[in-house]
Amino acid sequence: MPRRNPGRERPQRRKKAHHGEPGDAFRCVGCRMDVPMIAPGTAHRNHCPHCLTSLHVDHRVPGDRRAGCRGRMAALSVTVRRDGEWLIIHCCQSCGGLSANRIAGDDNALALLRIAIRPLSDSRLPVSTLLAL
């Protein structure tokens with residue numbers, strides 16, 4: 001079927017990497033969902049609340065954004081501080097670096113529990129030994 005106006009072309013709209021104002025959301029490298037930068041319980045959102053995937057952007061201080069790696073960080077494990085606060089242990093898949101990140105109030109509880117009980121599914125480690133600790 002021929003075009004109605006072959007001489008006139010419509011201008012294309014520019015694609016945006018994320019919606020809204022710059023700095024208020026980012027696109028997760030794991031599940032590709034838009035993630036808001038505001039997170040309950042932490043000042044610096046550094047991982048996706050849905051799949052817990054992160055980017056290696058912080059060097060030493062949370063929020064400094066000085067890491068040059070920019071690799072994908074997978075949630076490896078969880079740990080608990082003395083005051084009861086949970087931390088996610090991320091491992092960079094590019095450089096192998098480890099980091100501990102505070103969980104946020106809107107993180108997926110099921111994904112956190114899956115990571116927490118992962119050692120119980122390891123057949124090399126007897127469950128009775130873990131439960132005796």
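Let me begin with Arg32, which lies in the loop between strand E1 (25-27) and strand E2 (34-36), where strands, labelled E and of at least two residues, are DSSP runs numbered from the N terminus. This is a predicted model, in which local features need pLDDT of at least 70 and side-chain atom pairs count only at pLDDT 80 or more, while totals for chains, interfaces and linings use all residues. Residues are numbered from 1 along each chain as its sequence is written, and side-chain values use heavy atoms, with hydrogens and water left out.

Arg32 has a phi near 65°, a positive value in a residue other than glycine, and Leu52, in the loop between E2 and strand E3 (54-55), also has a positive phi, near 70°. Are these residues buried or exposed? Arg32 is exposed, with a relative accessible area of 51%, whereas Leu52 is buried at 1%; here buried means under 20% relative accessible area, exposed over 50%, and partly exposed in between, with a 1.4 Å probe and protein chains only.

Five residues separate E5 and E6 in their hairpin, and Gly96 in the turn has a positive phi of about 80°.

Note on methods
Helix = DSSP H or I, 4+ residues; strand = E, 2+ residues; numbered from the N terminus. Pairing = 2+ DSSP bridges.
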